[in-house]
Amino acid sequence: METPYVRIDVDVLARNIDRMAAAVRERGLALRPHVKTHKIPSIARMQLDAGAVGLTVATIGEAEVFVAEGAPDVFIAYPLWLTPDRAARLERLARSARVSFGVDSVEGAAHAARTLGAAASLLEVLVEVDSGHHRSGADPGDAASVAAAAQAGGLRVAGLFTFPGHSYAPGAAEQAALDEREALRIAAAGLEAAGFTVERRSGGSTPSALATADGGATEVRPGVYVFGDAQQLALGRCEPDDIALTVVATVVSRHPGPDGGMQLVLDAGSKVLGSDRPAWVEGFGRVAGQPGAVIVALSEHHATVAWPSDQPSPALGSELELIPNHVCLVLNLVDEVVAVAASGTERWRVAARGKNS
């Protein structure tokens with residue numbers, strides 16, 4: 001294999017999928033994993049076979065890919081602003097699978113219903129509420145008015161959803177899960193008082209899914225758990241042995257570093273690793289099996305690694321496995337991955353790559 005390339009350990013992947021499915025099931029919750037993380041139909045099939053009730057996607061394009069591959073139930077967890085073309089695509093999808101999408105305002109819900117016209121009755125919506133991440137989502141107390149606008153236009157209101165994205169910080173998962181419960185509780189009470197039946201209360205992120213508080217979400221939508229990444233390691237939400245995806249890169253330059261160690265340059269930059277770096281994560285990624293080695297700088301095609309002085313440094317031409325900070329970015333940067341299992345090696349196409357609308 002020519003480097004850089006993305007490597008997936010299929011045995012670790014399968015273990016991660018089975019473990020999350022079992023843990024969610026034990027808590028009496030439904031699992032609807034977010035497949036924007038991997039964008040690969042083979043992995044989605046593994047998740048469905050393990051008991052997922054359906055899939056979560058971010059865009060209509062992603063939904064089209066997974067419905068074409070046989071997914072029976074897809075939720076577009078996004079407050080879509082529809083155009084006639086997008087409405088036509090949703091209608092086609094709804095004739096092949098159960099399809100739902102998000103709305104978070106009276107104007108957005110009414111516009112979606114008008115744009116869909118007679119096709120509105122084929123689709124379901126979930127009202128998005130803000131549970132503390134402060135991105136999209138209505139105030140929980142306003143959810144009933146959004147639902148009423150959707151229903152008035154012929155859309156079926158299936159429930160509520162939120163994204164507790166503020167769980168992505170050290171020590172924040174438990175409080176984010178409590179915030180999620182409170183937001184969903186307030187919103188559900190408002191919908192029920194207005195005569196709606198709240199069938200689904202959807203929440204959860206990879207950091208918070210297993211902290212989901214009783215009485216809140218009925219289904220969770222983690223995504224990153226299938227692979228793990230340097231962010232999840234920093235948050236304590238996975239262990240090094242849980243990392244299923246790495247980027248394999250070659251040492252192309254090697255010189256003494258400023259601290260007595262070595263400075264290595266590898267042939268994998270931001271165009272394959274992504275460039276996310278939260279303030280609470282050290283560096284731009286890690287080196288698998290070498291906890292003291294950190295990617296301290298990224299260019300488009302260079303990863304600069306500070307190698308610790310107390311460890312023998314790899315020679316020029318050596319291959320290393322890198323753990324990206326945010327694995328979801330990596331899968332939108334490559335056309336295929338190398339899937340390695342005890343039974344052999346395959347190439348898997350990243351079928352939903354670039355499906356950004």
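**View 1. Pro4 lies in the segment before strand β1 (5-9).** The peptide bond from Thr3 to Pro4 is cis. Its omega is near -5°. Strands (E, at least two residues) and helices (H or I, at least four) are DSSP runs, numbered from the N terminus. The model is predicted: local features need pLDDT of at least 70, side-chain atom pairs count only at pLDDT 80 or more, and totals for chains, interfaces and linings use all residues. Residues are numbered from 1 along each chain as its sequence is written, and side-chain values use heavy atoms, with hydrogens and water left out.

**View 2. Lys39 sits in the loop between β2 (30-31) and α2 (41-49).** Phi of Lys39 is near 60°. That is a positive value in a residue other than glycine. Is Lys39 buried or exposed? Lys39 counts as buried because its relative accessibility is 4%. Buried means under 20% relative accessible area, exposed over 50%, and partly exposed in between (1.4 Å probe, protein chains only).

**View 3. His134 is found in the loop between β6 (124-128) and α6 (143-152).** Phi of His134 is near 60°, again positive in a residue other than glycine. His134 has 63% relative accessibility, so it counts as exposed.

**View 4. Strands β7 (residues 156-161) and β8 pair in the parallel sense.** Three bridges join β7 and β8. Two strands pair if DSSP finds at least two bridges between them. Which residue in β8 is the bridge partner of Gly159? The partner is Arg200.

**View 5. Strand β8 covers residues 200-203.** Arg200 and Ser202 point one way from the strand. Arg201 and Gly203 point the other way. All four of these residues are buried.

View 6. Along the principal axes, the C-alpha atoms fill a box of roughly 70 × 40 × 35 Å. Buried residues make up 56% of the 357 residues. Among contacts (heavy atoms within 4.5 Å) between residues at least 6 apart in sequence, 68% join residues at least 24 apart.
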